[in-house]
Amino acid sequence: MKLEGFELRRVAMPLVSPFRTSFSTQTERDILLVRAVTDEGEGWGECVTLPDPLYSPEYADGAVDVMKRFFIPALAAAGVSDAPGVGHALYPYKGHRMAKAALEMAVLDAELRAEGRSFARELGSVHSSVPCGVSVGIMNSIPELLDAVGGYLDAGYVRIKLKIEPGWDIEAVRAVREKFGDDVLLQVDANTAYTLRDARHLARLDDFDLLLIEQPLEEEDILGHAELAKIVKTPICLDESITSAQTAAAAIRLGATQVINIKPGRVGGYLEARRIHDIAAANGIAVWCGGMLESGIGRAANVALASLPGFTLPGDVSASDRFYRTDITAPFVMKDGHLDVPAGPGLGVSPIQEVLDELTTSVEWVHI
Ligand code: SMG
Ligand code: MG
């Protein structure tokens, strides 16, 4: 397969409701789509950068810049013709994992479509459907939160994740437990909003039988998480801190993470995501698939990843309508709390051109 170039397309997708975390409020998703064009057909990638470097150091405009300035020329110079080649050619460049992941994903999709193989099969899928969890943003009031959670439970979501921050934690969790009972699979995500000084406070969450506390402390505070894990009984799950298979192995060894949230964009791609899955499995650590409010393109790949054997907890893998009234692909629709794993070639879904055109804010072509 010979790469001819990449189309970089920005798409503005309005959210059905604002999504507030400890670091920002999103009302619209500005998605960077990458289309790899080859002599054997095309492939799609989705870059999960947010507009500002508040979740991770990367941001959408920066991803476009690094792709055009360094990464695509490096792929051209190396004559890259397959997905593992993308990782090798970009290895000398530090960081920018979301940008690397999007390019690798597009090349992998092109390769698999040309060969008629699915992402799921390629990654090592063992399930034809995956359970859906939903991430619930910080709300203005407890009644508003209970309304939102009630709606998701009625829709069939099998696991609820509450976004938390200082001032919106114990009482929010208590209210959800009191209203919906002890059987609901419940977890929380702080997106680095606490410090080790909050350990006693966070230990109060132990009363609520949570599956896990996700990323309570700063991303670089691996030892802090290891200390916290000795004080808090609820399992610690790292998200932001895990940027590679190497950091995953270290965090596991240090006792900083008892569960891992795997986001392919954060770790540089689906191939590295699979390596983290393998390391976690070898260490008896459960993993689940995180989400970055993906369109149908990224969602398709996440659903495939979530169907690997080590993904034993429901992920932030929700239906398209959790975030979007109109998706750019055929929507992912939940049945009995599950999404079907696409089985067609590559991602198994493609953008619908008219929808894509309507939502596109810019397109550029980068020749190889
Ligand atoms: O795609 O369902 C989704 C979003 C899940 O909460 C989610 N993602 O830290 O895990 C996380 C956040 C990161 C994105 S917040 C804008
Ligand atoms: Mg998280």
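A polar contact is a pair of N or O atoms within 3.5 Å; within protein, one must be able to donate a hydrogen and the other to accept it, and residues adjacent in sequence count only if both atoms are side-chain atoms. This is a predicted model, in which local features need pLDDT of at least 70 and side-chain atom pairs count only at pLDDT 80 or more, while totals for chains, interfaces and linings use all residues. Residues are numbered from 1 along each chain as its sequence is written, ligands are numbered from 1 in the order in which they are written, and side-chain values use heavy atoms, with hydrogens and water left out.

View 1. An oxygen atom of ligand 1 lies 2.7 Å from a side-chain N or O atom of Asn-191, and an oxygen atom of the ligand is 3.1 Å from a side-chain N or O atom of Lys-163. From Leu-293 it is a backbone N or O atom that is found 2.8 Å from an oxygen atom of ligand 1. Taken alone, ligand 1 exposes 440 Å², of which the protein buries 100% (Shrake-Rupley method, 1.4 Å probe).

**View 2. The magnesium ion (ligand 2).** Asp-189 (OD), Glu-214 (OE) and Asp-239 (OD) coordinate the ion at 2.1 to 2.3 Å, where donors are N, O and S atoms within 2.8 Å of the metal (3.2 Å for Na, K and Ca), and the site may look incomplete because water is not among the atoms. In sequence, these donor residues follow the spacing D-x24-E-x24-D.

**View 3. Surroundings of Val-333.** Beyond its neighbours within four places in sequence, Val-333 is in contact (heavy atoms within 4.5 Å) with His-338 and Leu-339.
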